[in-house]
Amino acid sequence: MNRVKSIQRRTRHRPPMFPLQFLLIFLSTIFRRIKIFVFSLIMLENLKNHDEQEGPLTTEQDPDPFNPVSPSTPISYPIKTLEELESRSYFESFHYPFNCASVSLQTTHGDLPDRPRILVCHDMEGGYVDDKWVQGGDNPDAYAIWHWYLMDVFVYFSHNLVTLPPPCWTNAAHRHGVRVLGTFIAEWEEGRLTCNKLLSTKDSARIYAERLAELAAAMGFDGWLINMEVDLKLEQIPNMLEFVSHLTQTMHSAVPGSLVIWYDSVTIYGKLSWQDQLNNYNKPFFDLCDGIFVNYSWQENYPRLSATAAGDRKYDVYMGIDVFGRNTYGGGQWKANVALDVLKKDEVSAAIFAPGWVYETKQPPNFETAQNHWWSLVENSWGVLQRYPKSLPFHSNFDQGRGYHYSVDGSQISEASWCNISCQSFQPFLEFHGDGTVNPIDVSVNLKEASFSGGGNITFKGTLKGNAYFMTRLFEADLPLGNLPIYFTYSVKSEGSSLVGLSLEFSSEKNEKSTVLLASHGDALDMMTQFVSRFNEVIMPRRVMKLESSPGWVILESSILMDGYTLTGIRALCYRALSMTSGSDDRSAEFYAVLGHITIKTEEHKSFLPPSSSWLVEGQDIKWSSSSQGSKIVSLKITWKWRDGDSPYFSYNVYVEEITKVKGTGPNRVMSEGAPKYLGAAQVRSFYVSDHVVPPSVASLKFIIQVCGVDGACQKLDESPSFALEC
């Protein structure tokens with residue numbers, strides 16, 4: 001992926017030099033050496049004066065070097081040397097258990113789909129930016145991807161030897177059915193030296209391949225992109241082939257459905273020479289792994305030639321597109337669809353490199369709009385690649401993994417800005433209209449308005465005339481239904497006569513189409529009158545709940561039985577209550593509503609939140625210190641596990657409650673001080689509390705682990721497991 005190519009210098013015959021020229025060269029050399037000597041004396045004197053003024057540097061002045069085995073705020077980081085890789089030292093790191101992905105790949109088949117695919121290569125600001133904070137950061141404007149339905153494979157890339165994907169990307173991608181690869185790269189002189197050791201023998205090649213496979217299996221991601229951006233000796237090529245072959249076989253054995261992708265760089269003759277197509281110079285590597293990421297300087301006929309060279313594996317050829325537009329076909333940027341159209345026509349796969357261009361270059365008017373606009377180019381060219389829901393239970397609160405607040409069950413528990421892509425739920429398929437079309441209702445994921453759950457919602461804002469309605473896509477589904485009723489639960493907050501229902505699209509085995517409206521609360525006769533001619537069935541909610549603790553939120557629950565059908569689409573229907581309109585089609589009224597979440601499940605998928613007695617919670621690596629204001633400061637690792645072995649997948653919210661000493665009749669009378677404070681979210685059964693300030697009046701701390709299920713249900717705090725720490 002480097003674009004630096006070697007420059008060969010030509011040797012020219014030089015005429016003999018005259019004595020005067022020798023003298024001038026000699027004097028010039030003496031003069032340069034005198035200047036260097038004088039400059040060195042000046043620098044030494046300045047350094048001596050500086051040391052006398054400042055004094056020697058103390059250990060307190062030196063920033064602490066990163067020590068991976070010492071307890072600290074968990075981060076994601078790469079492996080930079082073969083020695084680290086070979087020694088397996090990463091598994092001894094304090095950070096390792098936090099970096100294991102917890103969400104399994106959600107796919108109905110083990111292999112990639114038999115069609116052209118899209119691979120997306122991250123490459124954003126060098127990697128490990130806001131996403132390195134495993135438990136989340138505080139930047140609400142952090143980079144994120146939410147168009148998972150437009151890709152099949154996601155590669156996390158950096159210019160380090162072994163790039164390990166931060167677990168937040170794996171969790172979010174897996175939730176949407178997308179595979180995640182790390183990157184193994186060798187480049188520049190350091191990369192050449194690395195390859196000398198890597199490829200010294202066939203055994204060494206196999207050992208390092210096994211180390212990479214072990215990391216992927218242990219950390220929960222799905223394979224590797226191999227990028228050898230160096231010249232190799234011809235005698236090293238057999239061992240390079242062994243490395244690729246053994247890595248692929250070991251990955252397939254360790255992680256079924258995993259992938260090893262070769263990058264179009266070094267050739268079978270050892271030359272670093274980007275071919276921009278699949279041909280005889282790079283095909284031997286392609287033949288030993290699961291695909292090739294072709295360099296992006298290809299010409300219009302190269303995809304067709306590559307498809308021919310691949311034979312029955314043409315979908316394993318991923319033609320590169322650099323979104324920055326560096327020597328890429330079509331120019332990239334806002335013309336990336338030019339290359340995509342060619343690849344779609346020639347039936348090969350696409351590899352989109354650096355879609356973070358939108359974020360890095362601050363494309364107007366803002367990141368959200370520009371990102372939605374750019375990905376609409378991909379959808380318009382290739383269509384939707386992933387569909388969901390495709391299994392139950394299904395839950396989405398439209399959280400993008402970043403925001404300005406955080407809520408649970410309609411109640412805001414934190415006003416702090418945050419980012420944590422692991423918290424991203426199923427993302428809606430919102431449509432972007434860049435053709436100048438003006439819709440009566442603007443639809444967007446809103447991170448600033450109050451959310452029902454997490455940090456986001458879908459906001460509908462605009463005007464509607466009389467009894468007109470507006471419909472917009474939420475999800476493209478592929479959910480076969482059985483002989484049990486399915487229950488839809490969703491939350492809405494609206495103003496005036498604004499209402500939101502759900503339009504469901506079904507298809508039978510005989511390709512018979514049916515549409516059903518799950519109407520919002522209101523007069524049933526009005527709903528029937530308004531929509532009975534537009535839908536095959538109109539269903540009123542079986543239960544409507546208004547939350548006293550969260551004024552404005554209404555929870556609606558409906559059920560439907562569609563045995564033998566497949567749910568293919570979910571759309572939001574915006575309308576106004578007929579009884580509150582004038583009946584005239586010419587008068588417009590303001591429309592405003594917020595959709596907080598959608599949950600779909602059957603009676604078989606009852607919420608299972610085990611009682612607190614099912615858990616064993618411990619505090620580890622407890623470290624106390626004092627502040628200059630007299631408060632104590634504590635850091636510790638909290639771990640929890642199920643007493644009866646392995647539990648199903650849960651996510652967790654972590655809180656702290658301060659127990660304060662007060663004056664009274666007893667010397668040690670205690671009381672709870674305020675509501676529990678939200679600390680963060682965890683995807684694994686550990687959470688690190690860093691530098692928590694404890695006021696002098698606090699006698700003890702109670703850390704509460706709120707267990708949350710895949711259906712969005714969260715345990716009540718007074719029923720949640722906890723750990724008490726005396727102060």
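Tutor: The model is a predicted one. Aspartate 123 is not a glycine, yet its phi is positive, at about 40°. This residue is buried, with a relative accessible area of 12%.

A second residue of this kind is glutamine 333, also not a glycine, with a positive phi of about 50°. Glutamine 333 sits in the loop between β8 (317-322) and α9 (336-346). Its relative accessibility of 33% makes glutamine 333 partly exposed, whereas aspartate 123 is buried.

The average pLDDT of the protein chain is 89, and 89% of the residues reach at least 70. Over residues 2-62, however, pLDDT stays under 50, and the model has 18 contacts beyond four places in sequence for that stretch.

Is asparagine 397 buried or partly exposed? Its relative accessibility is 8%, so asparagine 397 counts as buried, the limit being under 20%. Its side chain has polar partners in the model. A polar atom of the asparagine 397 side chain lies 3.1 Å from the backbone nitrogen of aspartate 399. The side chain of asparagine 397 also makes a polar contact with the side chain of serine 453, at 3.0 Å. Apart from neighbours within four places in sequence, asparagine 397 is in contact with Ser425, Ser453, Gly454, Gly456, Asn457, Gly596 and His597.

Charged pairs come next. Side chains of opposite charge can pair when their charged atoms come close. The whole structure contains 19 salt bridges. In one of them, glutamate 242 pairs with arginine 206, and the closest N and O atoms are 2.7 Å apart. Glutamate 242 belongs to helix α6 (residues 237-254) and arginine 206 to helix α5 (residues 202-219), so the bridge ties together parts that are 36 residues apart in sequence. Glutamate 242 is buried at 16% relative accessibility, while arginine 206 is partly exposed at 30%.

Another salt bridge joins the side chains of arginine 326 and aspartate 322, with an N to O distance of 2.5 Å. Aspartate 322 has a relative accessible area of 0% and is buried; arginine 326, at 37%, is partly exposed.

In a further pair, arginine 543 bridges to glutamate 557, with 3.2 Å between the closest N and O atoms. Arginine 543 lies in strand β22 (residues 543-546) and glutamate 557 in strand β23 (residues 554-560), and the pair links these distant parts of the chain, 14 residues apart. Relative accessibility is 42% for arginine 543, which is partly exposed, and 10% for glutamate 557, which is buried. Elsewhere, salt bridges with shared partners join Glu379, Arg387, Arg473 and Glu476 into one network.

Last, the sheet that includes β27. Strands of a sheet pair through backbone hydrogen bonds, either parallel or antiparallel. Here an open sheet of three strands runs in the order β26-β27-β30, with antiparallel pairing. Its edges are β26 (615-626) and β30 (686-694); each has a single partner strand, so one side of each is left without a neighbour in the sheet. Direction ignored, neighbouring strands of this sheet are turned by 20° against each other on average. Strand β27 (residues 632-642) and β30 pair in the antiparallel sense over seven bridges. Opposite lysine 637 stands tyrosine 688 in β30.

Key:
Residues are numbered from 1 along each chain as its sequence is written. This is a predicted model: local features need pLDDT of at least 70, side-chain atom pairs count only at pLDDT 80 or more; totals for chains, interfaces and linings use all residues. Side-chain values use heavy atoms; hydrogens and water are left out. pLDDT is the predictor's confidence in each residue, from 0 to 100. Contact means heavy atoms within 4.5 Å. A salt bridge is a side-chain nitrogen of Lys or Arg within 4 Å of a carboxyl oxygen of Asp or Glu. Helices (H or I, at least four residues) and strands (E, at least two) are DSSP runs, numbered from the N terminus. Buried means under 20% relative accessible area, exposed over 50%, partly exposed in between (1.4 Å probe, protein chains only). Two strands pair if DSSP finds at least two bridges between them. Axes are lines fitted to C-alpha atoms, for helices over the stretch in contact, and angles run from 0 to 180 degrees between N-to-C directions. A polar contact is a pair of N or O atoms within 3.5 Å; within protein, one must be able to donate a hydrogen and the other to accept it, and residues adjacent in sequence count only if both atoms are side-chain atoms.
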